[in-house]
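Visitor: I have a new model open on my screen and I'd like to learn how to read it. Can you walk me through it?

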Amino acid sequence: MLISWIIFFFILGAILGSFINMLSDRLPAEKSIVAPGSGCDVCGKRLGIADLIPIFSYIFLKGRCRYCGAGIPQRALWVEIATACLFGLFWVMLGPSVELGISLLYLCVFITLFVIDMEKGLILNVIIYPFMMLALLLSPLYLQGDGLLANLSSSFFGGLTGFGLFLLIYITSRGGMGEGDIKMAGFIGLVCGFPNIFVAVFAGIVLGGLAAAGLMLSGKRRKGQTIPFGPFLAVGAVTAMLFGSQIMEWYLALA
């Protein structure tokens with residue numbers, strides 16, 4: 001039964017990963033997410049059902065449009081795979097619960113923010129503001145605060161800490177930190193709560209530093225050239241959602 005549910009959530013994640021790919025293309029371009037239906041960006045041909053099967057259609061078509069042969073971005077495949085795997089992992093961590101549904105919603109938001117900021121260098125207000133409000137409205141549901149999501153007080157102080165910390169960095173660095181990163185840190189704090197916001201931020205900083213060092217060593221990034229920080233914050237947020245409490249307990253045990 002456990003395997004069956006994992007497969008179900010893997011498939012659900014792959015389907016929503018395909019939807020995230022569509023959002024990541026249309027939201028930055030301020031296009032409707034309802035119409036028109038999915039089509040090839042090169043030839044404009046409307047895609048059929050066989051062209052839209054998550055993961056498998058990309059593999060069977062060898063990453064190319066069935067009609068004109070144009071290449072399909074590899075991102076489409078990796079987002080579907082990553083979302084599918086994470087959905088399965090969240091199911092294993094939480095099991096059937098309201099918290100699972102809300103956590104998966106936040107996961108989709110973080111993946112969308114990851115992709116858009118990685119490709120466009122944008123953290124869109126149309127995503128951040130509504131979900132900041134939603135995180136505050138939903139936080140009273142978690143009275144115990146011992147799950148993946150924060151209760152009301154933890155959410156409030158987590159959001160305040162994330163927003164305030166990045167606002168301070170923004171001011172002291174004289175714009176070295178993007179304004180979108182400030183709002184994203186606030187949103188992460190609302191979702192993960194206090195003190196797990198520190199896990200998310202620390203993980204994001206470490207991953208961002210490693211990525212920057214790797215790009216510099218490979219010659220793909222010059223000294224002083226910036227890279228989007230939002231994707232690393234998104235990974236840090238998911239890390240904090242899944243393992244934040246355990247990481248904080250481990251850290252405090254060492255202190």
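Visitor: Let's begin with helix α3: how many residues does it have, and how far does it reach from its first C-alpha to its last?

Guide: Keep in mind that this is a predicted model. Helix α3 runs over residues 74–94, so 21 residues by the helix assignment used here. From the first C-alpha to the last it reaches 30 Å, close to the 30 Å expected at 1.5 Å a residue.

Visitor: Which residues of α3 are buried?

Guide: Here's the general idea: an α-helix has 3.6 residues a turn, so residues three or four places apart point the same way. Now the case at hand. The buried residues of α3 include Leu77, Glu80, Ala84, Phe87, Phe90, Trp91 and Leu94. Arg75 is also among them.

Visitor: What do those buried residues pack against?

Guide: They pack against four helices: α1 (2–26), α2 (56–60), α4 (98–120) and α9 (230–254).

Visitor: Which side chain meets Arg75 in a salt bridge at 2.7 Å?

Guide: That would be Asp25, with the 2.7 Å taken from N to O. The pair links distant parts of the chain, since Arg75 lies in helix α3 and Asp25 in helix α1, 50 residues apart. Arg75 is buried, because its relative accessible area of 16% falls under the 20% cut-off. Asp25, at 40%, counts as partly exposed.

Visitor: Where does Glu119 come in?

Guide: Glu119 forms a salt bridge with Arg75 too, the closest N and O atoms being 2.8 Å apart. Here Glu119 sits in helix α4 and Arg75 in helix α3, 44 residues apart. Glu119 is partly exposed, at 39%. Put together, Asp25, Arg75 and Glu119 are linked in a network of salt bridges.

Visitor: How many salt bridges does a search of the whole structure find?

Guide: Three. Another of them joins the side chains of Arg66 and Asp51, at 2.6 Å from N to O. Arg66 is in the loop between α2 and α3, while Asp51 is in the loop between α1 and α2, 15 residues apart. Asp51 is buried at 10%, whereas Arg66 is partly exposed at 46%.

Terms used. Residues are numbered from 1 along each chain as its sequence is written. This is a predicted model: local features need pLDDT of at least 70, side-chain atom pairs count only at pLDDT 80 or more; totals for chains, interfaces and linings use all residues. Side-chain values use heavy atoms; hydrogens and water are left out. Helices (H or I, at least four residues) and strands (E, at least two) are DSSP runs, numbered from the N terminus. The expected span of a helix is 1.5 Å times one less than its number of residues. Buried means under 20% relative accessible area, exposed over 50%, partly exposed in between (1.4 Å probe, protein chains only). Contact means heavy atoms within 4.5 Å. A salt bridge is a side-chain nitrogen of Lys or Arg within 4 Å of a carboxyl oxygen of Asp or Glu.
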